Amino acid sequence: MNDSAQARPVRDDDSAVVGDAAVTTPFLLRAPLRSLHTQGCRARLPAGGTATLAARVAAFFATPRAGLPLLVGALPFDPDADDALHQPQALSNAALPSAPPAATFNGRIAAEPSAAQYADAVGTALQDLQQPAPALHKVVLARSLLLDGAQDVDPHALAARLGHDPSVATYLVTLPGGPQEPPAWLVGATPELLVSRRGARVLSHPLAGSARRHPDPAEDARVAQALLASAKDHDEHRHVVEAIVAALAPWCSHIEAEPRPSLHATATMWHLGTRIEATLADARTPVAALVAALHPTPAVCGTPRALALRTIRELEPVPRGFYAGAVGWTDADGDGDWYVAIRCARVQGPQVRVYAGAGIVAGSQPALEVAETDAKFGAVLNALGVDALPSIRVNGVGSR
């Protein structure tokens, strides 16, 4: 997902802009297609699963109401769980304040599951993936780190630090919580566009297949070329592209996907990415319907979807919540942008849960998947002031 390619759809002009930097921001999206910074909540979309999203959004905008014709928020990973979207009170022209580098983290860090337990889960999944005629072709397994610090974490400062990487879409979303709980936030910087819609034009840019970047330019270039030549990573990526094209096909009169993936770089990772452009058969089809058709893609779930979901529920000890869901917006015209909620953390008071996942296919190796998730933790951990995690080894491969 390179920035110049993503900029082709028409950029929207924000209107009714109010507010200043001092206003609390319940939703932020800083992205190449459109950036939104909102404040307040005029109304909430009745919560529900992804299958009913388009109908609920249509009913919301069909009801006469004052305020912006806009809904912003997040979808959870589980398509049957409740989403969290709201109509903002107003748009704001306030940019996130610049944030100094994070102070060195002082607190407790717990891996849930541990790296060794995660490697065991990958091994269990491989038993199914390596059958002569496997029913499961790919599954994405995630792990998390729970950080308990000495003081509350500022989600706005965390987002500002993550936003230093121009190759990603930075987001900050308020999450549902109990009345007696501190506010909860999903904060992240994702490189992956789930789907964008402007009129009849549709764009998706899935990423699958990853490698850690290296500070030495020569070694970094070697790592990138090795990823581009990796049969295992191309196999993982192919499942994602084929699934997205198949999901869009019933809605579109024309779909064009790049024949081979290209390299996409963030500050810490290399990815394989494929740009997919499509034209809606019926220009009235809203982005919410496309989101429901696509989410969760094999990039964060697996294929076939139902079996991958069941495998994830069996093997992951910590529910994902809104990690690997989607963050974005839709308006009354059916336009919108939705990004895959990866490279993120759930922030609540002094507690932060950081997530990372890896796509598992028949050619995967447990120790290498541990190393990949370690690398994917990097961007958020750096922004939190975590310099290093205790080193362990899994089958001879080092892991932080």
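These are my notebook entries on what I looked up in this structure.

**Entry 1: ground rules**

I am working with a predicted model, in which local features need pLDDT of at least 70 and side-chain atom pairs count only at pLDDT 80 or more, while totals for chains, interfaces and linings use all residues. Residues are numbered from 1 along each chain as its sequence is written, and side-chain values use heavy atoms, with hydrogens and water left out.

**Entry 2: the whole protein**

I began with the secondary structure and found nine helices and 25 strands; helices (H or I, at least four residues) and strands (E, at least two) are DSSP runs, numbered from the N terminus. I then looked up burial, where buried means under 20% relative accessible area, exposed means over 50%, and partly exposed lies in between (1.4 Å probe, protein chains only). Buried residues account for 55% of the 400 residues. For contacts, meaning heavy atoms within 4.5 Å, I noted that among those between residues at least 6 apart in sequence, 73% join residues at least 24 apart.

**Entry 3: helix α4**

How many of the eight residues of helix α4 are buried? I found that seven of the eight residues in this helix, which spans residues 155-162, are buried, and that the helix is mostly covered. The buried ones are P155, H156, A157, L158, A159, A160 and L162. Their cover includes the strands β2 (27-30), β10 (169-175), β11 (184-190) and β22 (344-348), together with helix α9.

Two packed helices are described by the angle between their axes and the distance between the axes. Axes here are lines fitted to C-alpha atoms, for helices over the stretch in contact, and angles run from 0 to 180 degrees between N-to-C directions.

Helix α3 (residues 115-129) packs with α9 at about 125 degrees, and their axes are 9 Å apart. The pair is therefore oblique, on a scale where angles under 35 degrees count as roughly parallel, over 145 as roughly antiparallel, 65 to 115 as roughly perpendicular and the rest as oblique. The crossing of α3 and α9 is right-handed; a crossing gets that name if the near helix is turned clockwise from the far one by less than a right angle, and is left-handed if anticlockwise.

From α3 the contact draws on A115, Y118, A119, V122, G123 and L126, and from α9 on P366, E369, V370 and T373. By class, I noted seven nonpolar residues, two polar and one charged; Ala, Val, Leu, Ile, Met, Phe, Trp, Tyr, Cys and Pro count as nonpolar, Asp, Glu, Lys and Arg as charged, and the others, Gly among them, as polar.

I also looked up E372, which sits in α9 (residues 366-384). Is E372 buried or exposed? E372 is buried, because its relative accessibility is 9%. Leaving out residues up to four places away in sequence, E372 touches S210, K232, G357, A358 and G359.

**Entry 4: helices α6 and α7**

The axes of α6 (residues 231-248) and α7 (residues 287-294) come within 9 Å and cross at roughly 135 degrees, so these two helices are oblique to each other. Their crossing is right-handed. I244, A247 and L248 of α6 meet L290, A293 and L294 of α7, and this contact has six nonpolar residues, no polar ones and no charged ones.

**Entry 5: loops and backbone**

I looked for cis peptide bonds and noted one from E112 to P113, with omega near 5 degrees; P113 lies in the loop between β8 (107-112) and α3. Another cis bond joins T303 and P304, with omega about -5 degrees, and P304 is in the loop between β19 (302-303) and α8.

A324, although not a glycine, has a positive phi of about 65 degrees. A324 is in the loop between α8 and β20 and counts as buried, at 0% relative accessibility. P319 is found in the loop between α8 (305-315) and β20 (326-331), yet P319 counts as exposed, at 68%.

**Entry 6: cysteines**

How many disulfides does the structure hold? I found zero disulfides, where a disulfide is a pair of cysteine sulfur atoms within 2.5 Å. C41 is partly exposed at 34% relative accessibility, whereas C344 is buried at 0%.
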